[in-house]
Amino acid sequence: MGIHTLLQELGFSEYEARAYVSLVNGSPRNGYEVDKASGLPRASVYPVLEKLVQRGGARRRDTREGVRYVATPPARMVQRIDKTH
């Protein structure tokens with residue numbers, strides 16, 4: 001069973017799981033970089049990233065170069081998920 005499937009079983013959508021894994025594998029990233037790393041449809045990247053931010057799976061950082069997203073560390077995500085389930 002892959003990490004994407006496990007995240008989906010914990011309540012992530014397929015796209016959220018793919019975006020989260022791409023951020024864990026390389027943060028900070030902008031939407032374009034998440035798009036390329038995760039294979040998400042371009043039109044879906046920013047709404048999915050904002051959903052991750054709302055759920056606590058990522059943080060949004062406004063920089064001079066533009067918006068960047070950073071994954072919440074996996075151990076912290078597990079604690080959050082554990083508290084809500």
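Which residue's side chain meets that of aspartate 62 in a salt bridge? The points below begin with that pair.

1. The partner is arginine 60, with N and O 3.3 Å apart. A salt bridge here is a side-chain nitrogen of Lys or Arg within 4 Å of a carboxyl oxygen of Asp or Glu. Through shared partners, salt bridges link Glu50, Arg60 and Asp62 into one network. Aspartate 62 is exposed at 61% relative accessible area, and arginine 60 is partly exposed at 42%; buried means under 20%, exposed over 50% and partly exposed in between, using a 1.4 Å probe and protein chains only.

2. Before going further, please keep in mind that this is a predicted model, in which local features need pLDDT of at least 70 and side-chain atom pairs count only at pLDDT 80 or more, while totals for chains, interfaces and linings use all residues. Residues are numbered from 1 along each chain as its sequence is written, and side-chain values use heavy atoms, leaving out hydrogens and water.

3. The salt-bridge count comes to six. Another of them joins aspartate 35 to arginine 42, with 3.4 Å between the closest N and O atoms. Aspartate 35 is buried at 8% relative accessible area, whereas arginine 42 is exposed at 55%.

4. Glutamate 14 is partly exposed, at 41% relative accessibility. Helices are DSSP runs of H or I with at least four residues, numbered from the N terminus.

5. Glutamate 16 is also in helix H2, which covers residues 14–24, but this residue is buried, at 5% relative accessibility. Its side chain makes a polar contact of 2.7 Å with that of arginine 55 (N or O atoms within 3.5 Å, one able to donate a hydrogen and the other to accept it; residues adjacent in sequence count only if both atoms are side-chain atoms).

6. Arginine 55 also lies over the face of phenylalanine 12, 4.8 Å from the ring centre (the rule asks for CZ of Arg, or NZ of Lys, within 6 Å of the centre and within 35 degrees of the ring normal).

7. One aromatic pair turns up in the whole structure. The ring centres of phenylalanine 12 and tyrosine 20 are 5.9 Å apart with planes at 55°, so the pair is tilted. Pairing needs centres within 6.5 Å; planes under 30 degrees apart are stacked, over 60 edge-to-face and the rest tilted. Phenylalanine 12 and tyrosine 20 are both buried.

Terms used
Phe/Tyr/Trp six-rings, centres within 6.5 Å; stacked < 30°, edge-to-face > 60°. Helix = DSSP H or I, 4+ residues; strand = E, 2+ residues; numbered from the N terminus.
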